[in-house]
Amino acid sequence: MTAASLGDAARPFSAAALAALVPAGTRLLALGEPTHGAEEFLDLRNELFRHLVTAHGYRSIAIESDCLAARTVDAYLDGADGELDTVLRDGFGHGFGAYAGNRELVRWAREFNASAGAGERIRFYGADGPLEYTGAAAPGPALLRLHDFLAERLPAEPLPAELLPAREELLRLHGPDARWTEPAAALDPTRSIGRTESATRLRLLADELNLLLAAHRPQFAATDEDALWQAELDARTATGLLRYHAATAGDGPDRLNSLMRQRSLMIADNVEAILRREARRGPTLLFAHNRHLQREAARIPLGEHRLQWWSAGSLLASRLGDGYAFLATAFGHRAPDDHPAPDTLEGLLATLPSPRSVLDPKQLAAAVEESGGAKARVPADHTYFGLDPETLGLLDGVVFVREIARQQGLFGGGDGGGDSGGESGGDGGGDA
């Protein structure tokens with residue numbers, strides 16, 4: 001690749017330059033990060049989101065975080081009382097509330113909303129289910145809220161008792177939350193209760209409650225749209241968690257793939273619901289790991305396993321068509337000594353003069369082809385997934401950050417640098 005051809009594809013980063021790559025008619029702009037725990041990508045996201053809000057009419061952001069916990073953040077943005085530290089602790093999944101970039105996002109959005117007109121405030125959403133490395137949350141709280149929503153609004157309906165089960169039956173079938181959140185179940189399916197008789201019965205009742213909610217939606221929408229939004233969120237979450245726990249109890253060779261599929265479906269369903277809610281207010285920015293947002297099937301080496309499933313991005317792209325756009329990010333050097341090999345795509349991009357560059361993927365692909373090709377980066381750190389030179393045509397834009405600091409929190413990266421291709425194990429339900 002010649003310096004001239006690579007330079008033709010690159011521009012110094014600015015939010016406006018990146019936004020210029022977004023196709024007209026985009027309803028969902030997905031911005032990926034190549035690994036978690038690096039503040040550089042949160043800063044980049046915040047710059048882009050501020051520009052999208054002030055110049056392009058965006059009024060909502062969804063991130064790869066617990067969809068139920070995010071309601072705490074959204075209420076705070078709308079003016080609810082509370083300490084910012086508490087909101088960050090309780091309002092984010094995966095420990096993401098500890099990052100300075102997320103603190104700044106919440107602070108800025110609350111400040112913006114304080115002077116925003118009616119209907120113009122920024123809404124904050126979690127796209128992910130209540131899933132962590134150690135497993136999934138119990139479905140009971142969401143299921144009971146859904147039951148109570150229906151019971152309060154359908155007291156006069158001539159409903160058969162089996163369609164609106166007694167609250168006591170749900171409590172009996174569910175039992176203590178600890179039965180569901182047993183950490184050992186992540187790796188040992190025999191420790192999961194997801195396919196017990198009581199769990200199977202609970203899934204059937206959850207399905208019936210979902211049916212009631214959907215069948216009476218016009219009635220509920222006419223009275224309290226916010227309460228309906230919470231009820232539909234609870235319905236998606238409860239049924240998604242019940243499916244996830246059932247997959248956790250599976251013991252076949254496809255168990256880990258099944259967990260990844262369930263998570264991707266939860267993310268895609270949450271985001272699609274967000275877009276329906278936000279349709280009249282403008283497009284939405286979605287921020288998550290590149291692997292969740294890519295248009296192609298996701299593939300991850302995980303210990304002795306080779307996982308493959310359709311990512312949330314591929315599901316959303318198939319549902320939204322031209323309404324879906326994906327901007328991927330990548331980095332070169334990571335302190336203290338992790339450098340990409342010179343013949344990888346990241347190694348070539350590291351020769352760019354700007355510390356942050358925006359690249360047109362079609363021009364980048366042409367430059368790579370002109371040079372005779374580039375290899376995909378295979379780092380020793382399992383939390384990072386490099387750009388695949390073969391799939392640049394499936395991107396709408398690329399942001400390259402030449403250097404990042406050592407990551408923080410759970411996502412601190414591997415102990416060694418280099419690109420030797422080491423792997424790490426996990427339960428498949430944790431964060432990519």
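Colleague: What does the pair R167 and D148 tie together?

Modeller: R167 lies in helix α8 (residues 167-174) and D148 in helix α7 (residues 140-153), so the pair ties together parts that are 19 residues apart in sequence. Helices (H or I, at least four residues) and strands (E, at least two) are DSSP runs, numbered from the N terminus.

Colleague: What kind of model is this?

Modeller: This is a predicted model, in which local features need pLDDT of at least 70 and side-chain atom pairs count only at pLDDT 80 or more, while totals for chains, interfaces and linings use all residues. Residues are numbered from 1 along each chain as its sequence is written, and side-chain values use heavy atoms, with hydrogens and water left out.

Colleague: Why does R167 count as partly exposed?

Modeller: Buried means under 20% relative accessible area, exposed over 50%, and partly exposed in between (1.4 Å probe, protein chains only). R167 has 31% relative accessibility, so it counts as partly exposed. D148, at 23%, also counts as partly exposed.

Colleague: How do you know that R191 forms a salt bridge with E182?

Modeller: The closest N and O atoms of R191 and E182 are 3.5 Å apart. R191 is partly exposed at 41% relative accessibility, and E182 is partly exposed at 25%.

Colleague: Which parts does the salt bridge of R263 with E64 tie together?

Modeller: The closest N and O atoms of R263 and E64 are 3.1 Å apart. R263 lies in helix α12 (residues 255-278) and E64 in strand β3 (residues 60-66), so the pair ties together parts that are 199 residues apart in sequence. Both R263 and E64 are buried. E64, D128 and R263 are linked in a network of salt bridges. The structure holds 24 salt bridges.

Colleague: What makes the protein chain as compact as a globular protein of its length?

Modeller: The protein chain has 16 helices and 12 strands. Its radius of gyration is 22 Å, close to the 22 Å that the globule rule gives for 432 residues, so the chain is as compact as a globular protein of that length. The radius is taken over C-alpha atoms, and the rule is 2.2 Å times the number of residues to the power 0.38.

Note on methods. A salt bridge is a side-chain nitrogen of Lys or Arg within 4 Å of a carboxyl oxygen of Asp or Glu.
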